[in-house]
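Here are some notes for a first look at this structure. Please read them with the model open.

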Amino acid sequence: MATSAAAKQLRPYQIIAAACVGNALEWYDIAVYSFFASYVAQVFFPTADPASSLLLALGTFAASFLIRPVGAIVLGSYADRVGRKPALSLSIGLMVVGTLLITVMPSYETIGIIAPIGILVARLIQGFSAGGEFGSATALMVEHLPHRRGYAASWQFTSQSISTLLAAALGTYLTSTLSDEQLLSWGFRIPFAVGLLVGPVGYYIRRHVPEAPEFVDATADRDSGSPGGKVLREQKGRVLLTIGVLAVTTCLNYLISYMPTYAIRTLDLPASTGFAATLVSGIALLVATPLAGHWSDRLGQIRLMIPAAGLILVLIYPLFALLVAFPGLGIMLVMMAVLGVLKGTYFGPIGAVMANLFPPETRATGMAVGYNIGVAVFGGFTPLIAAWLISATGNDLSPSFWVILTAVISLTSMAVIWRRIGLR
């Protein structure tokens, strides 16, 4: 009864803030690393070939996603056994440790091979903590706000947009005001240092949010078996569907984060152009995502997501073709705005879909496992795949091929959810 009374005293924005603050930090760090990948490559992964340095930096970025499923099982099971609150407090603490390591890590010139190893360790810590973050945080929101699941869960992704927006704004400012020498020397570390400020605030907020009555009631009489084991034994199909619906939106998210590097290395545009365009996509996502989440509670989540994925499938190649034919700030702004709106429309409802695929007693684990495998496959490797496709094919439009493939996977997964599980 005490937990229920405490939960009733909380307003929706308090629950949403507590759940989303760690997710915001996670995606801020991801965006910053992606945006400043060319500088990270030169400072920590120097080689005679700049392209090889960039691939090493992006490979380290991708490798951190391989540990996310491990974090999903460990921290997700912890959240389903002990509670959402302690799991979320632990995950944000680990994120801060990883961000701190990147912020203060000396360069390769100073400490040699320890520098790239240290960056890899930092990204692995961040990847492990992020593995359990999404499932626990989303479960906390939808269980506190069961009648507004689409809207509540959409704020997980709205917080990603806010983080991307902040990272892009900071990146635009730094690349416009600092020289390349200043950025290489110390400027690229500033965004990581800013991310450290979120940690203590997030930890404090999460310490004051109770468990949701739905979770307490659902787990009161269950057996002592491992939630992770149950998910892997009995709910593999639902995990696969979670991975499938995530494919296109996760791919697109990391492609947007990669666009500043694409603008610099492939189109020979100023660094500020890519950051400004990413800023526009962040604004579009910020507006479209919660609106889509709100309307999905009325119209149905899948009913909004299918047309959005279809438009991404149809438009991604022409948008890339237009950008390559007429490289410049104006075209890039239009492209990123369109992708931001389509992604937000798809992104907003997806958290509720994933939450509804699993019962409360395995919800954090099931979502975490599916989400992090999906992010590892279709997200973490997207910048690396995009750079490799351009290098291997010599075709500047080739990143769009990867997006098209993921759109087909997501549309197929939604068709199965519609027909076999009955979610609309």
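Predicted model: local features only at pLDDT ≥ 70, side-chain atom pairs only at ≥ 80, totals over all residues.

1. Helix H16 covers residues 271–299 and has 29 residues. At 1.5 Å a residue the helix should span 42 Å, and its end C-alpha atoms are 41 Å apart, so the two values agree. Just after H16 comes glycine 300, with a positive phi of about 110 degrees.

2. How many cavities of 30 Å³ or more are there? The count is 1. The volume of the largest cavity is about 80 Å³. Its lining is made up of Glu26, Asp29, Ile30, Ser64, Phe65, Arg68, Met95, Arg123, Gln126, Gly127 and Ala130. Helix H2 (12–35) and helix H8 (114–144) are the elements that give two or more residues to this lining. The largest share, 4 residues, comes from H8.

3. Phenylalanine 134 belongs to helix H8 and tyrosine 371 to helix H19 (residues 363–380), so the pair ties together parts that are 237 residues apart in sequence.

4. Another aromatic pair, tyrosine 262 with phenylalanine 320, is edge-to-face: the centres are 5.6 Å apart and the planes are at 90 degrees. This pair links distant parts of the chain, with tyrosine 262 in helix H15 (residues 236–265) and phenylalanine 320 in helix H17 (residues 301–325), 58 residues apart. Both tyrosine 262 and phenylalanine 320 are buried. Together with Tyr258, the residues Tyr262 and Phe320 form one aromatic cluster.

5. Charged groups also sit over rings. Arginine 298 lies over the face of tryptophan 295, at 5.2 Å from the ring centre. What lies over the ring of phenylalanine 347? The charged end of lysine 343 does, 3.4 Å from the ring centre.

Terms used. Residues numbered from 1 in each chain as written. Heavy atoms only, no water. Expected span 1.5 Å × (residues − 1). 1 Å grid on protein atoms, 1.4 Å probe; cavity = no way out; pocket = protein on both sides within 12 Å on 5 of 7 lines; lining within 4 Å. Points joined across faces, edges and corners; volume = space filled by probe spheres on them. Phe/Tyr/Trp six-rings, centres within 6.5 Å; stacked < 30°, edge-to-face > 60°. Buried < 20%, exposed > 50% of the residue type's maximum accessible area, 1.4 Å probe, protein only. Lys NZ or Arg CZ within 6 Å of the ring centre and 35° of its normal.
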